Amino acid sequence: MGLPELLATLLVVAVCGLLMAGYPVAFTLGGTALAFAVLGEATGVMRFSLLGALPPRVFGVMTNEVLLAIPLFILMGVMLERSRIAEELLETMGRAFGRLTGGLAISVTLVGVLLAAAKGVVGATVVTMGLISLPAMLRHGYNPRLAAGTVAATGTLAQIMPPATVLVLLGDQLNTAYQAAQLAQGKFAPDQVSVSDLFAGAVIPALALVGLYLAFQIGVALLRPHACPAIRREPDAPTGVALIRRLADALVAPLALIIVVLGSILGGLATPTEAAAVGAFGAILLTARKAAPTRSAPVTLAILAAAGLLVLHHVADLRVGRADASAWDDAAVAAAFVLLAALAYGAAAAIATVAREKILQPALAATTQITAMIFTILIGATMFSLVFRGLGGDDMVQRALGDLPGGVAGALLIVMVAMFLLGFVMDAFEIIFVVVPIVAPPLLRMPGVDPVWLGILMAMNLQTSYLHPPLGPTLFYLRGVAPPQVKTLDIYIGVIPFVLIQLGMLVVLWFRPGLATWLPHLLAGG
Amino acid sequence: MVDRLAAIAAGIDRFNAAIGRTVTWCLIGMVIVQVAVVLMRYVLGIGSIWLSETILYAHATLFMGAAAWTLQARGHVRVDIFYADAAPRTRALVDLAGALFLLLPFIGGLAWFALPYVTRSWAILEHSPEASGLPLVFLLKTLILLFALLLGLQGIAQAARAWLTLVGAAPAPAPRPHH
């Protein structure tokens, strides 16, 4: 090992060691890398002036259009959370299914799936579920282990359920790596892999996971009914048609929003950013309607206007500024402008409502801070990557991966194991920003490694390590909000069946890449 | 000395919190403008590079302007396996050493390389590469220096507060971020 390789290795060791101290990750990455750049200059291994590439890289992050989707998706989730839609859903679904043995656990899983799809940030989902679902299950006599395992596993689905934040970031990084890998192979019109591809790739594996969770819960209900008893019927609770109406009321709006957002991305109608903005906008409308039901007329107007625009778009050609527009088209364009004005009025009223009810400001603050946290890590990781590359670390990793026994499978396996272990101590964001740019280009250059498959494998791998005792971050989040009668050991034991399901799914995905690649290919028409 | 240091830290906190709270409104601007762009494109068939770039500018302002406020609110992720359960003095020591030896050098290095980069952009009042784009790229690039300045200030406040904790003149920082 020469001096450059030694320094590159020491850089990784130093970062890992310093991270343990607990100073924010973004600055630990950046600060340590800077120190090694100075060391590299002093020993003549790398030029310090190489860091002149840092400001253009940061500017690249600032002007990256793919990453615009991040704050918009987070805002959508935070707004839905503040509207207390999750509580209401859980209550009504619990009433609907709770009188079956195991029904409450199944309701929690289904609500968790919706919430995970809406929020896309694990910590937030697990905390919300832990505060709402866990006490509900315990109150009705559920086994604390089953209850804790269910909440932890479904909350962690936010890692992989589209439109997960993790998939947006992973898609962006993988695309860069994929381009680099193809250029290195002399392919000068490289293929792209998009965030939408990763979303589509995640659909089947994520739904399969949910199906297996449900199967496990039904199995427990059949074999050990006392672990998940049916809820006793409350005397004044609605039943029959009234219950179905309540359920429809609670379910239809958020479900429709998620379907519109995901459907438009998967169907190729909208970019993730466009869909995320519409999703955040819809979440504001829904929240305003719930926060002030007596003043919901403007919101109803806005929703009707949006529906009207959709209809009009289908029956007439609304493109403005055409010379050959018929009288019918002109009239339709005029009508469209009226509807747009109505939509704008409704939107303004909705924003005013959520601001007046003091829902908007905290939601904006929370979203802004999560966004700033993610992007600051990205900036710190950019510095790290520059120095690591400057010291020749990239070539070192590439040679090491190429020399492994077992070829492609060996290289992939070692990367997966490393990411799994890193997942215990680091957030998915850091791993994606630091590890993926280093390992993905050599992996994607190997034969038979599809970028979507690799991305979904990585996402599910990180998701599993998030859940794995004793260090999985989900378990810490849940520990923080769980009632005292749930012991840490209950959480550890409770998640084991779910971790086994996850690992099983990873193995299946390893041998059946089609689970991830089939839907994106189908949607791309290939 | 102790009082002056506490006053400086409190002043920096107020300054960065004011900027952070202000830039949160960029978010609602992003939503409105992006929805407007979607409606214009899909309904009326008109596109606007100018409006699309406005969204990028709002996004960059959001996270570059709020990073320091996020540090103040303890919103930056830490590996808190040991930190969360550490004694208050240990946490203060980590914050002090981290601010002095990790954050401030990193921010200083970024500012050192960003300064000529931003100055070059100002010298030509750099325009968007798109003909009909915003002519304000030099302002967008200046955000890198603003990011460094605000974070540098907040790092000084963090170090000051940690030092005050170590000498017993201030309460310990909270172990966990709160979001």
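The side chain of Q182(A) reaches the backbone nitrogen of D191(A), at 2.9 Å. That is one local detail from a predicted model in which chain A and chain B bury about 5900 Å² between them. Here's a quick tour, from that glutamine to the contact between the chains and then on to the salt bridges.

**Around Q182(A)**

- Q182(A) belongs to helix α9 of chain A, which covers residues 165–184.
- Is Q182(A) buried or exposed? With a relative accessibility of 4%, Q182(A) falls under the 20% cut-off, so it counts as buried.
- Setting aside neighbours within four places in sequence, Q182(A) is in contact with K187(A), P190(A) and D191(A).

**Where chain A meets chain B**

- How many residues does each chain bring to the contact? Chain A puts in 73 residues and chain B 61 residues.
- Of the roughly 5900 Å² buried between the two chains, 81% is on carbon and sulfur atoms.
- Three residues stand out on the chain A side: Y23(A), F27(A) and M62(A) supply 14% of the area that chain A buries against chain B, more than any other three residues.
- Polar links are there too: eight residue pairs are in polar contact between the chains, counting pairs with both residues at pLDDT 80 or more.
- On chain A, the helices that each give at least two residues to the side touching chain B are α1 (3–21), α2 (25–42), α3 (54–62), α4 (69–82), α12 (272–291), α13 (297–315), α14 (327–356) and α15 (360–390).
- Which helix gives the largest share of that side? It's α15(A), with 17 residues.
- By residue type, the side of chain A that touches chain B splits into 50 nonpolar, 18 polar and five charged.
- There is one salt bridge between chain A and chain B. E274(A) and R41(B) have side chains that meet in a salt bridge, 2.8 Å from N to O.

**T70(B), seen from chain B**

- T70(B) sits in helix α3 of chain B, residues 49–72.
- Its relative accessibility is 0%, so T70(B) counts as buried.
- Leaving out residues up to four places away in sequence, T70(B) touches Q369(A), A372(A) and M373(A) on chain A, plus G75(B) and H76(B) on its own chain.
- Further along chain B, F147(B) is 77 residues away from T70(B) in sequence, and the two C-alpha atoms are separated by 12 Å.

**Salt bridges elsewhere**

- How many salt bridges turn up over all chains? A search of the whole structure finds 12.
- E41(A) and R47(A) pair up through their side chains at 3.6 Å, N to O. E41(A) is partly exposed at 32% relative accessibility, whereas R47(A), at 56%, counts as exposed.
- R295(A) and E357(A) also form a salt bridge, at 3.5 Å from N to O. This pair links distant parts of the chain, 62 residues apart: R295(A) is in the loop between α12 and α13 of chain A, and E357(A) is in the loop between α14 and α15.
- Both partners count as partly exposed, with R295(A) at 43% relative accessibility and E357(A) at 34%.
- Over on chain B, E126(B) bridges to K141(B), with the closest N and O atoms 2.9 Å apart.
- R74(B), R78(B) and D95(B) are joined in a network of salt bridges.

**Cysteines**

- The disulfide count over all chains comes to zero.
- C16(A) is partly exposed at 32% relative accessibility, whereas C228(A) is buried, with a relative accessible area of 1%.

Notes: Residues numbered from 1 in each chain as written. Chains lettered and ligands numbered in written order. Predicted model: local features only at pLDDT ≥ 70, side-chain atom pairs only at ≥ 80, totals over all residues. Heavy atoms only, no water. Contact = heavy atoms within 4.5 Å. Buried area = accessible area lost by both parts, 1.4 Å probe. Salt bridge = Lys/Arg side-chain N within 4 Å of Asp/Glu carboxyl O. Polar contact = N/O pair within 3.5 Å; in protein donor to acceptor, adjacent residues only side chain to side chain. Helix = DSSP H or I, 4+ residues; strand = E, 2+ residues; numbered from the N terminus. Nonpolar A, V, L, I, M, F, W, Y, C, P; charged D, E, K, R; others polar. Disulfide = S-S within 2.5 Å. Buried < 20%, exposed > 50% of the residue type's maximum accessible area, 1.4 Å probe, protein only.
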